[in-house]
Each structure stands twice: as C-alpha cells, then as structure tokens.
Amino acid sequence: ETLATGDSYVTSARVTDYLPAKGSQAQTWATYSGGQVSASSSASSPENWGGAFPDRAPYAAVDADPATSWMAGEPAQIGQWWHIDFEGDVDLSSVRISWPARDDGPIAQSIALTTDAGVYSFDVSNNEEAQTFSVPGVTRSLRVTLTGVRDGVVGQFGISDIVIPDVHVQRTLVTSGEMSSGPAVFSTARG
C-alpha cells in the first residue's frame, strides 16, 4: 500500500515495509493533486481479510480506469464510506457513480451523499449502468456512505468510478531522492 505523505500506517506488523539498507530513506510516497481521497477501509490494505489488492485503493474510484475499483476491506456493512476532500469549492450538481460489475447487480441498495450543505439519501439502481446524482450547493468535500444493502447479495461495497465535473485527481509517486552512485532502478506495476 502506497501511503500519502503524512498518512499513518495502520497494521499489526512489526515493520511497515521490507526496505533495503537505507531504510525509510528509500521509501516511496504518493502525493495527490485535485483532491485527497480516503475510505472507511480498503481492500488494498495489508490488514484486508482477503489479502491486499493495490487496484482496490480509495484512489481507484477517481483514477478513470474502468479496470480498477475502490473496494471496502470487508464484506458490505451499513456505514462503510468513501471520501474526497477537494482543493477548493466544487459544485456537485452532477456526480456520476459507477459500481463494480457483478452478475447480480450492485451491493448497494441505498447511499447517502454528505457535503458541507448536508446529507442527501438516494436509492441505487439495480443494474450496471452508471448513476447520476445531484446535490445542491457548493462543497469542499464529498462522502459516499452505504446506507442499505440488497437482500441476499453478498460481497464487498465499492465504487468503480466517480466523476465530478471539473475535478481531476492525480496521484504522483515520489521517491526519496537519496541515490547512491550506482544506477537508479525502479520497479512498478499498474493497478
């Protein structure tokens, strides 16, 4: 799990990573522009009950990649949430949310969208189509909270994609800059 600068690493492990001799000087951090995302839990966390999946981090909901989705780190439970703090005031007259593809439709039956202006409740369509929600006013944050789960549906709550006009969140990985005289070697994986 790649943490943003200043984020706490929450795990029961003794160390946060297995690093080369330079230790924390060799760590990589994520920086964000356009907004800062977080969630109640994430399937990307090392503490996830089913293993850690980097393509299931909170950022996956805003990365514009249909192959990734933020997924909560445990089976669907009322109260799970995904959150974004914007860099400025944002008009939420249109918020389009796509749910992860499932044969039996989305996990969510209902959600709440929380902004600076209040909490707004919505039903979720039982199909794979993206759904557009409208929330009045201008806000500096948005939280999507699971408020209802479909009967008989088992799985994790998640968001495949969330589109807010004029909001483009970018993630940049930053290395420490501490390099020896040898060649710099980076290994990355998409997801």
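Start by selecting Arg 96, which is partly exposed, with a relative accessible area of 33%. Here buried means under 20% relative accessible area, exposed means over 50%, and partly exposed is in between, with a 1.4 Å probe and protein chains only. The model is predicted, so local features need pLDDT of at least 70 and side-chain atom pairs count only at pLDDT 80 or more, while totals for chains, interfaces and linings use all residues. Residues are numbered from 1 along each chain as its sequence is written, and side-chain values use heavy atoms, with hydrogens and water left out.

**Stop 1: the salt bridges**

Arg 96 lies in strand E5 and Asp 161 in strand E11, so the pair ties together parts that are 65 residues apart in sequence. A salt bridge is a side-chain nitrogen of Lys or Arg within 4 Å of a carboxyl oxygen of Asp or Glu. Strands (E, at least two residues) and helices (H or I, at least four) are DSSP runs, numbered from the N terminus. Is Asp 161 buried or exposed? Asp 161 counts as buried, at 15% relative accessibility.

The structure holds two salt bridges. For another one, select Arg 140 and Asp 89, where the closest N and O atoms are 3.6 Å apart. This pair links distant parts of the chain: Arg 140 is in strand E9 and Asp 89 in strand E4, 51 residues apart. Arg 140 counts as partly exposed at 41% relative accessibility, and Asp 89 as exposed at 60%.

**Stop 2: the sheet with three strands**

Return to strand E5 and show its neighbours as a cartoon. An open sheet of three strands has the order E8-E5-E11, with antiparallel pairing. Strand E8 (131-133) and strand E11 (161-163) stand at the edges with a single partner strand each, so one side of each has no neighbour in the sheet. From one strand to the next, the twist averages 20 degrees. That angle is taken between axes, which are lines fitted to C-alpha atoms (for helices over the stretch in contact), and angles run from 0 to 180 degrees between N-to-C directions.

Two strands pair if DSSP finds at least two bridges between them. E5 and E8 run antiparallel and are joined by three bridges. To see one of them, select Val 95 and its bridge partner in E8, Phe 133.

**Stop 3: the sheet with five strands**

Now select E2, E4, E9, E6 and E7. These five strands form an open sheet in the order E2-E4-E9-E6-E7, and the pairing is antiparallel. Which strands stand at the edges? They are E2 and strand E7 (118-123), each with a single partner strand, so one side of each is left without a neighbour in the sheet. The twist averages 20 degrees from one strand to the next.

Five bridges join E2 to E4.

**Stop 4: the nonpolar core**

Next, show side chains for Trp 82, Ile 97, Ile 111 and Ile 162. They are the residues with the most contacts inside the largest nonpolar core, which has 33 residues. Such a core is a set of buried Ala, Val, Leu, Ile, Met, Phe, Trp, Tyr and Cys residues joined through side-chain atoms within 4.5 Å. The largest share of this core, four residues, comes from E4.

Centre the view on Ile 97. Leaving out residues up to four places away in sequence, the residues that Ile 97 touches include Ile 111, Leu 113, Val 144 and Ile 162. Contact means heavy atoms within 4.5 Å.

**Stop 5: a loop residue**

Select Val 135, in the loop between E8 and E9. Val 135 is buried, with a relative accessible area of 1%. Among the residues it touches, not counting those up to four places away in sequence, are Leu 92, Tyr 120 and Phe 122. Thr 115 is 20 residues from Val 135 in sequence and 8.2 Å away in space, C-alpha to C-alpha.

**Last stop: the whole chain**

Zoom out. The protein chain has zero helices and 12 strands. Of its 191 residues, 38% are buried.
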